[in-house]
Each structure stands twice: as C-alpha cells, then as structure tokens.
Amino acid sequence: MAVAKSRRPITDIETRQKKHQCYADIDSGLWGWHCKSSTIARENCALKCLSPTCYEIIYESDPLEEGEKDLVRGQDYKYCMHKLSLGESLDGIKNSFEY
C-alpha cells in the first residue's frame, strides 16, 4: 500500500525565492507597464504573482497604497499562503478573514 505524500507548508525561503522571481518577471515587463509605474504598484503585482488567490482574498478590494505598511494584512497574506500550501479549502481560508 502506497502512502500518499503529505503536503507541507511553504517555507519563508521558498516564498522569498518565488517573490524574487516575481520581481524579475515584473521588471522584465511580463506583467505590463502598470506594474512598473511605481514602487507600490510593483509590490501589489508581486503579491498577486506570488499567490493570486491570497491576493484576491486579502488585497484585491483594497490594494496597498503608496507609503502604506499594513502589517496585519501582511500576516494574513502569509497565513493564507500557508493554508493553501497545506491544501486547505478555499472556503475555509476565506472564512478566516473579514475582508
């Protein structure tokens, strides 16, 4: 009997590596000119690139604004990515937030 491989949470190192790849894609123009129009536009695009699902849940209705440091939503975003990497249902994740 084969044992199914269990999912594991995404690590901070993996997240950083993927985000750096997102920045490279944005800087190369792959995400369009709007993602290069400002530092905050670049960050919003990187968050969307990193996890479109978590971006939609946490930031889409209220994207980061210039100069904004939203630590609460940043932690919620990481939590969302963690839960997705473990295979939790989208409905279960959405119900965890008040957005």
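Is cysteine 45 buried or exposed, going by its relative accessibility? I looked it up: cysteine 45 has 9% relative accessibility, so it counts as buried (buried means under 20% relative accessible area, exposed over 50%, partly exposed in between, with a 1.4 Å probe and protein chains only).

**Ground rules.** I am working on a predicted model, where local features need pLDDT of at least 70, side-chain atom pairs count only at pLDDT 80 or more, and totals for chains, interfaces and linings use all residues. Residues are numbered from 1 along each chain as its sequence is written, and side-chain values use heavy atoms, with hydrogens and water left out.

**Disulfides.** I found three of them in the structure (a disulfide is a pair of cysteine sulfur atoms within 2.5 Å). Cysteine 45 bonds to cysteine 35, S to S 1.9 Å. The torsion about their S-S bond is about -75 degrees, so this disulfide is left-handed. Cysteine 35 sits in the loop between α1 and α2 and cysteine 45 in helix α2, so the pair ties together parts 10 residues apart in sequence (helices are DSSP runs of H or I, at least four residues, and strands runs of E, at least two, numbered from the N terminus). Cysteine 35 is buried at 0% relative accessibility.

Next I checked cysteine 22 and cysteine 49, which are joined with S to S 2.1 Å. Their link is left-handed too, with -80 degrees about the S-S bond. Both cysteine 22 and cysteine 49 are buried.

In sequence order of the bonded cysteines, I noted the pairing as 1-4, 2-3, 5-6.

**Rings.** My search of the whole structure gave two aromatic pairs (ring centres of Phe, Tyr or Trp, the latter by its six-membered ring, within 6.5 Å; planes under 30 degrees apart are stacked, over 60 edge-to-face, the rest tilted). Tyrosine 59 and tyrosine 77 have ring centres 5.8 Å apart and planes at 50 degrees, so that pair is tilted. Ring pairs link Tyr55, Tyr59 and Tyr77 into a cluster.

**Core.** The largest nonpolar core has 14 residues, with Leu47, Tyr59, Tyr77 and Cys80 among those with the most contacts inside it (a nonpolar core is a set of buried Ala, Val, Leu, Ile, Met, Phe, Trp, Tyr and Cys residues joined through side-chain atoms within 4.5 Å). Helix α3 gives the most to this core, four residues. I also found another core apart from it, of five residues, including Cys35 and Cys45.
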